[in-house]
Amino acid sequence: MWTETPTDDYERAQKWYAKKRPNELLGVATNFHQYVMALNAGANPTDLIHRLSFVHNEREGVYAVDQRPLNCPDLRRRKVKLAETRLYFYPEVETHTVFVLTIGDKKEQRRRDVNECHQFVRQRREELKNEIDKQEIQQREGTRSPDSGP
Amino acid sequence: MRELVRQTADHEDSDVVSAIEECISQREIIGHLVALRAARGKSQKDIADAMQCTQSRISKLESGADHDLSLGDLHGYLNALGLTPRLVVAKSDQTIVDEIKFLWSCLGQELHRLLALAHDDPEAAVGIGQWSNELTQNYMLQLMGFVGRLPEVAKAKTPHLRMTIQDAKEEPAGKIPATIRRSRAAAPSR
């Protein structure tokens, strides 16, 4: 099972969207739910951009779902016009964790949002690499025989 | 996502949280179908070809609600993925214990089928014997692990629950040996 971990940015964004643009939040949230269901069914995060039309590759490991009401019959029925919106996330295969990064709206803002997401992923990869290195060192030290000396 | 949205939302945002939950619950079955299709690397076009319909019909089906899904479409969609639907009927207020009892009775039925197979086919019987050994060990370990992790208060009130595991790892049930897999495939269905 994949775990969803929100960032502070996401939490702020969700609160803003819940108040100002609830329909857009409804659109991206239901699409993201569908994405995570596919991950839990065993799908490869990279392949999903070809299988689910609402998923977009934002490069450097960052993906986004859009607001189109593909997974929300209620929004479609009401024929609500939705502003272009993206929910950005980073699926970390090594730990089966989806980091939910933020929600962005206008095109100008999107560039800034994506840059911040890339920065998060770079930092996260660095942390993960350090963690793996540390574990390997601990394992090596653990398996070394006590007689073998320093 | 349900949990994430609920935990992050402010109290006054309960309307949008309810709308998201409502929307997700309207699509429990279809959501699973789409997830299975994506996980198997199939496109809507692949499903449409197998069901002998247009891709736009599949698109419409996938974006609908569960109550619009016909049994025929469910069957056709799953068949296109190489799967077969099974209908499980449960009480609306089914508890976890009811669920475990139900699964236990299903397990009993399957073991009966396997037993019949073992009596019919001496070659399969050997494999089934070996596999039963692994299965028994793994299930006992799992059950003991469950009991071992129960809170102290449960163990104190039910002294016979005291079980301990030493140097034992929990492992999933053993793989079925190839001989059984072959025989099972050849066995007549219920």
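The legends below describe close-up views of a predicted model.

Residues are numbered from 1 along each chain as its sequence is written, while chains are lettered from A and ligands numbered from 1 in the order in which they are written. Because the model is predicted, local features need pLDDT of at least 70 and side-chain atom pairs count only at pLDDT 80 or more, whereas totals for chains, interfaces and linings use all residues; side-chain values use heavy atoms, with hydrogens and water left out.

**View 1. The interface between chain B and chain A.** Contact, meaning heavy atoms within 4.5 Å, joins 31 residues of chain B to 31 residues of chain A. The two chains bury about 2500 Å² between them, 65% of it on carbon and sulfur atoms, where buried area is the accessible area (1.4 Å probe) that two parts lose on being put together, summed over both. Met1(B), Leu4(B) and Thr8(B) supply 25% of the area that chain B buries against chain A, more than any other three residues.

**View 2. Polar links across the interface.** Eight residue pairs are in polar contact between chain B and chain A, both residues being at pLDDT 80 or more; such a contact is a pair of N or O atoms within 3.5 Å, and within protein one must be able to donate a hydrogen and the other to accept it, with residues adjacent in sequence counting only if both atoms are side-chain atoms. On the side of chain B that touches chain A, the elements giving two or more residues are α1 (2-8), α2 (14-25) and α3 (28-39) of chain B, and α3(B) gives the most, with nine residues. Helices here are DSSP runs (H or I, at least four residues), numbered from the N terminus. There are two salt bridges between the chains, each defined by a side-chain nitrogen of Lys or Arg within 4 Å of a carboxyl oxygen of Asp or Glu, and Lys19(A) and Asp13(B) meet through their side chains in a salt bridge at 3.1 Å, N to O.

View 3. His33(A) is found in helix α2 (residues 22-40) of chain A and counts as buried because its relative accessibility is 17%, the cut-off for buried being under 20% relative accessible area (1.4 Å probe, protein chains only). Leaving aside its neighbours within four places in sequence, His33(A) is in contact with Met1(B) and Ile24(B).

**View 4. Helix α6 of chain B.** Among the buried residues of α6(B) (residues 71-80) are Leu74(B), Tyr77(B) and Leu78(B). The buried residues of α6(B) pack against α3, α4 (44-51) and α5 (55-62) of chain B. Just after α6(B), Gly82(B) takes a positive phi of about 75 degrees.

How values were computed: Buried means under 20% relative accessible area, exposed over 50%, partly exposed in between (1.4 Å probe, protein chains only).
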